[in-house]
Amino acid sequence: MKEDLPTIAILGTGGTIAGKAGSASATTGYVPGSATVEDLLASVPGLEDIANLTSVQVSNIGSEDMTDEIWACLVKETESQLKDPEVAGVVITHGTDTLEETAFMLNQVLKSEKPVVLVGSMRPATSISADGPMNLLNAAKVATTPEAKGKGVLVVLNDEIHGARDVIKTNTTNCDTFASPRLGALGFITGGRVSFFKESTRPHTLKTPFTSELLSDHKHLPIVDIIYAHSNGDGRLIKAAIQSGAKGIIYAGMGNGSIHCKDLPELEKALEEGIPVVRASRCGSGEVVDSSPEWTEAGMINAGTLNPQKARVLLQLCLAAGYCHEKTAEVFLKA
Ligand SMILES: NC(=O)CC[C@H](N)C(=O)O
């Protein structure tokens, strides 16, 4: 314990950053989440000069297997660390596949100005040129930077700092995969120096209407299914979603959330049954706004620039909070 250094809590959840492969040249086909958070910390020279570190292993999984239960544990642990006056910030190691969803959820429910930084890697810990150690060092630096306070949940990989609202994984395997399409990174870590250039104007942490109780009160968040639109649509999966208990539907529409004419009657049926339908886009960037008056009149909500998987999280939180249609539409408009 060095008196002059801040304390950072590192929470491990798994992922490639904690992955071990059979050979140094293997960058796929490895087991994510096979190294502990303690192993990770030991692999990063210089961390001990940035902060006093404490660590907690919340889970050790590939993030494609993330669950509401793990989210509830992660939120509880993060909150308890943030409440500790000795802790300056929290770093969460996470698999990259669903990192954007966890970051977005935390950005909606945490109530603290202290930095919370998610970090992952694209190459396993055993790989030549593994990116995890540098990403972790950078994440710890960002978490100890006073300027990182009050900017919402952050994501650090590949020398860039992104905001949880806008960041998405854009490439399956490349180290340069996280981007905030059209909106850009909030800052960089260059030569070990953290620089911020901007911040999101959209509500996060203290300014959202949600709290972490929604996760602890619900063993499972309400079921919201994503229906991926395509040519020759037939509405079958929308019908199946409703029949199997969906409480909300995200329609990952074409272009500006366009709906196939054969999907439309099924979406209208959902709305008549009180199941909210949010129009998002399968494009990967851009805003979904009102397009056909028919869709707006039917009561569909626009996802704005939230991609389908983030819109799903937001609709789950609205449903868990018991919001009516108008309130849900308002949350999406401002989110
Ligand atoms: N690069 C990664 O982290 C991907 C590994 C794994 N699928 C995960 O998301 O945890």
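Which residues does serine 63 touch, not counting residues up to four places away in sequence? The list is Gly14, Gly15, His94, Gly95, Thr96, Asp97, Thr98 and Leu99. Touching, or contact, is judged by C-beta atoms placed from the backbone, which must lie within 7 Å.

Some ground rules. Residues are numbered from 1 along each chain as its sequence is written. This is a predicted model, so local features need pLDDT of at least 70, side-chain atom pairs count only at pLDDT 80 or more, and totals for chains, interfaces and linings use all residues.

Back to serine 63. It sits in the loop between strand S2 (52-61) and helix H2 (68-83). Helices (H or I, at least four residues) and strands (E, at least two) are DSSP runs, numbered from the N terminus. Is serine 63 buried or exposed? Buried, because 23 other C-beta atoms lie within 10 Å. The cut-offs: 20 or more is buried, 12 or fewer is exposed, and in between is partly exposed.

Now the record. An unreviewed UniProt entry annotates Ser63, Thr96 and Asp97 as "binding site". They are spread over 35 residues of sequence, yet they cluster in space, with a largest C-alpha distance of 6.8 Å. A caution: such annotations may be inferred rather than shown by experiment.

Next, threonine 96. Its loop runs between strand S3 (87-93) and helix H3 (99-109). Threonine 96 counts as buried, because it has 26 C-beta neighbours inside 10 Å. Setting aside residues up to four places away in sequence, it touches Gly15, Thr16, Ser63, Gly120, Met122, Lys169 and Thr177.

On to the two helices. The axes of H2 and H3 come within 11 Å and cross at roughly 50°. Axes are lines fitted to C-alpha atoms, for helices over the stretch in contact, and angles run from 0 to 180 degrees between N-to-C directions. H2 and H3 are therefore oblique to each other. Under 35 degrees would be roughly parallel, over 145 roughly antiparallel, 65 to 115 roughly perpendicular, and the rest is oblique. Who makes the contact? Trp71, Val75 and Thr78 come from H2, and Thr102, Met105, Leu106 and Val109 from H3.

Last stop, serine 281. Serine 281 lies in strand S13 (residues 277-281). Serine 281 is buried, because 26 C-beta neighbours lie inside 10 Å. Beyond four places in sequence, its contacts are Ala252, Gly253, Gly255, Asn256, Gly257, Gly286 and Val288. Between serine 281 and isoleucine 92, the separation is 189 residues in sequence and 29 Å in space, C-alpha to C-alpha.

Technical notes
Two residues are in contact if their C-beta atoms, placed from the backbone, lie within 7 Å.
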